[in-house]
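Below is a set of questions and answers on one structure. Each answer ends on the value or name asked for.

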Number of protein chains: 2
Amino acid sequence: MHPRTSDVLVVGGGIIGLVTAWRAAQRGLRTAVVDPEPGGGAAQVAAGMLAAVTELHYGEETLLGLNLESARRYPDFVAELREAAGGVDVAYRACGTLAVALDADDRAHLRELHALQHRSGLESEWLTGRECRRLEPMLAPGVRGGLRVDGDHQVDPRRLATALLAACERAGVVVHRAWAERLLVVRDRAAGVLLKDGTELAAGQVVLAAGSLSGRLGGVPDEVLPPVRPVKGQVLRLSVPRAYAPFLSRTVRAVVRGSHVYLVPRENGELVVGATSEELGWDTTVTAGGVYELLRDAHELVPGITELPLTETRAGLRPASPDNAPLLGPTALPGLHLATGHYRNGVLLTPVTGDVMATVLTTGQLPEEAQAFAPARFPSPAPSPSLSPVGVS
Amino acid sequence: MHPRTSDVLVVGGGIIGLVTAWRAAQRGLRTAVVDPEPGGGAAQVAAGMLAAVTELHYGEETLLGLNLESARRYPDFVAELREAAGGVDVAYRACGTLAVALDADDRAHLRELHALQHRSGLESEWLTGRECRRLEPMLAPGVRGGLRVDGDHQVDPRRLATALLAACERAGVVVHRAWAERLLVVRDRAAGVLLKDGTELAAGQVVLAAGSLSGRLGGVPDEVLPPVRPVKGQVLRLSVPRAYAPFLSRTVRAVVRGSHVYLVPRENGELVVGATSEELGWDTTVTAGGVYELLRDAHELVPGITELPLTETRAGLRPASPDNAPLLGPTALPGLHLATGHYRNGVLLTPVTGDVMATVLTTGQLPEEAQAFAPARFPSPAPSPSLSPVGVS
């Protein structure tokens, strides 16, 4: 066996790339991952809400099915991953979520979400403001009502990345800590990648799982280049001193004057506050305005946060697709698959993505639950005016 | 010459301790400084406003004289220090300050400050809101008026600390990177300090210049223990991208609903936003509330800060004395001097403090300009109920 040849080569070692590699290796495929910093990526910034129900948006009912399926698989996935990673725990916490309204507009919005949830067969319970505060005494007195969703849990995405990397390495996945420069195409078939240092890595199948960077690998033909773009999110981390614990007992979220804000309390005392949503291209700057708006909205929701230490401010990029749903499975270029475009749901969709991609890679078939997410649902972009290769890196 | 014996031993290597040591060494005294992190301390957090005029407070007219004298010495001090430090520049910027009012209360407050300034013979000019915005176009449209003070400048306190440390080392000051555990008293005279590792450093005279920690050195008799306490300040640093420069051309400050906020724009693109003022003892935690209030008030003053990268959040401790003025010169214990309690004015008072302390150490006399700041102005504390040594460390 040539060490630089594998059955499957995954470009991108974020949680989506790693879960794909881990599941492929479990099925007996010789698998490699290429990433300069495996375990990094958007998961380092994400809050880790598993919010299939409270993140439901109009027009995303198809995605809802995949989200719910992945949420259903989470407990078993977590148990299996812990074992496979040699005991690394991902801090899965079945705490539920409370979505609250702070003014009449918020309440109307939340009432509509509640109705949509019911039409979609989801479980959620309408609570008065008083009932919300009984559940979470730190909530602002002005909270006017809320939705209790006992099925929307959380996980720690940084630990998830660590565990997946450990599981990959224990399953024999070869991890190349390097930049993939361009896709190698041989006789109209994806055949591997060229690294920045000139090394060629050959592979029977290539999975492009590079998050928001997935559209920027050189050498990918125009018509299969994934239509993903970066959507910036700024996130804060506070810490809850022992004297204040438990500060919140479940995820609390709201829409405050049109901005979404959430507080995710971890068992270890971390409290994650997120997130801005900014269309600024490849910018990952933490700005005065982003931090200000998060603190302002979180403070309106839970005034007592003022006393908590602010331990981290950070920005990351969500890989968004045109319909907010992921691109999973084969492309029009034989040998090239996609696992990208997970947008706000990458952490939630990790279990199902791993399963789907392993099936694709071993059988060539996209399983039923992923049919709606085939890359072919997007028309090819108009041909580029230039005939030169499209690669941008 | 025994290396562990000096004429002068300065406890505390912040800017006050270092300027004292530098000036003492220049006068031919064998000088040492003891500090685990020389060049650290409150100057690492301070914004560096040299605000003799805009920081004028009722009841602090005596301090005003010292502040003005130090401000007067600044340009020559900076030039001499640069030379002595082998070219380290402290980014002294004679930019002036604009203090503005955002509502009717602020305007009334600022009008009173203006009247006090005039009675004190200080130069400041009342401007309309429109005139303020002509000077600083980034100011909020709601600014109702302001005071232009062309004499209140700025310096970069971190560079000041770096330059003073370099000047000390070039002047032959011995720097002990260690914790002073207790004062050594021999025959009712300060004789040196004991380090945490058991080493004794002997000295003819000891200067206690440990900022807010000055009251905590072990072995200092009750009646000469300086009455200083820590006052926490949280400070942010933003950066002004080249495309936005010059964002502000001078220091801009205001009182926003009772909180003081200021923005200090440095030539290098740093914009310092400060500061909270919190009586919380030895706490140096950066809190969600502190950062929120600074961003909220700065945003109200200069809305355009939202686009600027937030590069640092930090908290430090100002050493406050009962009358907000420093304690300079000999104590009732022969051989023990104080140079502490500089509170909000440590950076401003650095030049005059160095000169005053050098005179005290060489002649035993407190110069005229420092007479009002002798430690003896505070009555001794009541005797401790216990007869054990006072040392707390």
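Q: Are Trp22(A) and Phe77(A) buried or exposed?
A: The model is predicted, so local features need pLDDT of at least 70, side-chain atom pairs count only at pLDDT 80 or more, and totals for chains, interfaces and linings use all residues. Residues are numbered from 1 along each chain as its sequence is written, chains are lettered from A and ligands numbered from 1 in the order in which they are written, and side-chain values use heavy atoms, without hydrogens and water. Buried means under 20% relative accessible area, exposed over 50%, and partly exposed in between (1.4 Å probe, protein chains only). By that scale, both Trp22(A) and Phe77(A) are buried.

Q: How many aromatic pairs does the structure hold over all chains?
A: Rings of Phe, Tyr and Trp (its six-membered ring) pair if their centres lie within 6.5 Å; planes under 30 degrees apart count as stacked, over 60 as edge-to-face and the rest as tilted. Over all chains, the number of such pairs is seven.

Q: What kind of aromatic pair do Trp22(A) and Phe77(A) form?
A: The ring centres of Trp22(A) and Phe77(A) are 6.0 Å apart, with 65 degrees between the planes. Trp22(A) sits in helix α1 (residues 15-26) of chain A and Phe77(A) in helix α2 (residues 61-84) of chain A, 55 residues apart; helices (H or I, at least four residues) are DSSP runs, numbered from the N terminus. The pair is edge-to-face.

Q: What kind of aromatic pair do Tyr292(A) and Tyr292(B) form?
A: Tyr292(A) lies in helix α6 (residues 288-301) of chain A and Tyr292(B) in helix α6 (residues 288-301) of chain B, so the pair joins two chains. Tyr292(A) is buried at 9% relative accessibility, and Tyr292(B) is buried with a relative accessible area of 9%. The rings are 6.1 Å apart centre to centre with 15 degrees between the planes, and the pair is stacked.

Q: Which residue of chain A comes closest to the rotation axis?
A: Copies are superposed by least squares on the C-alpha atoms of residues with pLDDT of at least 70 in both. Chain A is brought onto chain B by a rotation of 180 degrees with 0.0 Å of shift along its axis (RMSD 0.0 Å), which is the relation of a two-fold axis. At 3.0 Å (C-alpha) from this axis, the closest residue of chain A is Tyr292(A).
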